[in-house]
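Here is a protein chain to read by questions and answers. Take a look at the model before going on.

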Amino acid sequence: MTFNDTTSPLSLLRTRRSGKARDLVAPGPDAAQLRDILEIAARTPDHGKLAPWRFVVVLPEARDAFSAQLVDAYRAERPTAARLEIEAMEQFARQSPTLVVVLYSPKVGSHIPLWEQELSVGAATMNLLHAAHAMGFAANWLTGWATFSDAVRDLFGAAPERIAGFIFIGTQSKPLEERPRPDLDAVVSNWAG
């Protein structure tokens with residue numbers, strides 16, 4: 001199977017497959033391509049036109065600083081962390097040529113329910129992945145410990161914001177493999193009234 005087939009919009013959607021962040025290498029998108037990717041990500045369902053999300057690009061020259069601060073936050077929350085855990089945090093920050101942190105930035109005073117705002121940030125993040133794949137790159141949406149750490153969130157924003165995910169973008173260095181997909185009969189039903 002060919003993954004991320006860009007011959008048509010439908011073929012891309014049918015074959016979309018994230019790459020593993022640790023397998024993404026240069027080149028990543030240049031500044032103009034990344035701007036296009038982010039503009040596409042922002043064209044998402046957004047009831048009330050609130051833009052309840054923000055994109056923070058971690059510049060390549062800031063990756064070492066992010067790595068150090070990520071490790072500091074991890075050690076503060078887990079003082080008995082083993083060497084391999086610390087190395088995993090250091091490696092997390094340096095994966096792929098491009099890193100975009102997506103923040104859920106709720107507009108709490110709005111009449112638009114927070115749940116709808118949360119759905120919008122998920123849609124924006126998925127659009128970001130689709131745009132990266134449509135431009136010929138591979139991308140990976142990761143969460144994990146750092147997503148839920150207030151200290152890490154505070155590197156990029158402030159409460160009530162939350163990290164929706166870390167989006168790693170680059171060029172796939174290893175062949176992609178299909179992952180298990182849900183059986184449609186198990187997740188689709190008909191409602192007849």
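This is a predicted model: local features need pLDDT of at least 70, side-chain atom pairs count only at pLDDT 80 or more; totals for chains, interfaces and linings use all residues.

Residues are numbered from 1 along each chain as its sequence is written, and side-chain values use heavy atoms, with hydrogens and water left out.

Q: What percentage of the contacts with a separation of 6 or more is between residues 24 or more positions apart?
A: Contact means heavy atoms within 4.5 Å. Among the chain's contacts with a separation of 6 or more, residues 24 or more positions apart account for 76%.

Q: Why are H2 and H5 called oblique to each other?
A: Axes are lines fitted to C-alpha atoms, for helices over the stretch in contact, and angles run from 0 to 180 degrees between N-to-C directions. Under 35 degrees counts as roughly parallel, over 145 as roughly antiparallel, 65 to 115 as roughly perpendicular and the rest as oblique. H2 (residues 31-41) and H5 (residues 114-134) have axes 7 Å apart and pack at an angle of about 140°. The pair is therefore oblique.

Q: How many nonpolar, polar and charged residues are in the contact of H2 with H5?
A: Ile37, Leu38, Ile40 and Ala41 of H2 meet Ala124, Asn127, Leu128, Ala131 and Ala132 of H5. Ala, Val, Leu, Ile, Met, Phe, Trp, Tyr, Cys and Pro count as nonpolar, Asp, Glu, Lys and Arg as charged, and the others, Gly among them, as polar. The contact has eight nonpolar, one polar and no charged residues.

Q: How many charged residues are in the contact of H3 with H4?
A: H3 (residues 63-77) and H4 (residues 83-93) pack at about 145°, with axes 8 Å apart. Residues in the contact include Arg63 and Arg75 in H3, and Glu85 and Glu90 in H4. By class there are eight nonpolar, one polar and, as charged residues, four.

Q: Is Ile37 buried or exposed?
A: Ile37 sits in helix H2. Beyond its neighbours within four places in sequence, Ile37 is in contact with Pro29, Leu128, Ala131, Ala132 and Met135. Buried means under 20% relative accessible area, exposed over 50%, partly exposed in between (1.4 Å probe, protein chains only). At 0%, Ile37 is buried.

Q: Which residues does Thr125 contact, leaving aside neighbours within four places in sequence?
A: Thr125 lies in helix H5. Its relative accessibility is 0%, so Thr125 counts as buried. Its contacts are Val102, Trp141, Ala164 and Ile167.

Q: How far apart in space are Thr15 and Asp5, C-alpha to C-alpha?
A: Thr15 lies in helix H1 (residues 9-15). Not counting residues up to four places away, Thr15 touches Met1, Thr2, Phe3, Asn4 and Asp5. Thr15 and Asp5 are 10 residues apart in sequence, and in space 6.1 Å.

Conventions: Helices (H or I, at least four residues) and strands (E, at least two) are DSSP runs, numbered from the N terminus.
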